[in-house]
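Trainee: I'd like to learn how to read a model like this one. Could you walk me through it, feature by feature?

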Amino acid sequence: MTLDEANAELCRHRDLALTAYARRLLARGADIHGEEFRADLSKYAGELEAWRSKAMEGLRQFVEAMMERPSATLH
């Protein structure tokens, strides 16, 4: 798996999580056109994007470490 493929997979999971969250909000009676719904969704989207970004940075660092020292292992 390449870093681009890993990023695509993380994006897919991010999008699925955001969709599930939106559905939960709507199921609780949130107004899809309401400001609170948009604010909650935006906040959660930011949290998910931070998660994806942190995961990608960790993967990049791991790949760089493996290229510098191919015998390295995960601990």
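Mentor: Let's start with Glu5, which is partly exposed, with a relative accessible area of 44%. The bands go like this: buried is under 20% relative accessible area, exposed is over 50%, and partly exposed is in between, using a 1.4 Å probe and protein chains only. Before going on, keep in mind that this is a predicted model, where local features need pLDDT of at least 70, side-chain atom pairs count only at pLDDT 80 or more, and totals for chains, interfaces and linings use all residues. Residues are numbered from 1 along each chain as its sequence is written, and side-chain values use heavy atoms, leaving out hydrogens and water.

Trainee: Where is Glu5 placed?

Mentor: Helices are DSSP runs of H or I with at least four residues, numbered from the N terminus. Glu5 sits in helix H1, residues 3-27. Its C-alpha atom is 29 Å from that of Arg24, 19 residues apart along the chain.

Trainee: And Leu41, what does that residue touch?

Mentor: Contact means heavy atoms within 4.5 Å. Leaving out residues up to four places away in sequence, Leu41 touches Leu18, Tyr21, Ala22 and Leu25. Leu41 belongs to helix H2, residues 35-68.

Trainee: Which residues make up the largest nonpolar core?

Mentor: A nonpolar core is a set of buried Ala, Val, Leu, Ile, Met, Phe, Trp, Tyr and Cys residues joined through side-chain atoms within 4.5 Å. Here the largest has five: Tyr21, Ala22, Leu25, Phe37 and Leu41.

Trainee: How many salt bridges does a search of the whole structure find?

Mentor: A salt bridge is a side-chain nitrogen of Lys or Arg within 4 Å of a carboxyl oxygen of Asp or Glu, and the search finds six. Take Arg12 and Glu9, whose closest N and O atoms are 2.8 Å apart; both lie in helix H1, three residues apart, about one turn of the helix.

Trainee: What about the salt bridge between Glu49 and Arg14?

Mentor: That one is 2.7 Å, N to O. Glu49 lies in helix H2 and Arg14 in helix H1, so the pair ties together parts that are 35 residues apart in sequence.

Trainee: Is Arg52 buried or exposed?

Mentor: Buried, with a relative accessible area of 13%.

Note on methods:
Helices (H or I, at least four residues) and strands (E, at least two) are DSSP runs, numbered from the N terminus.
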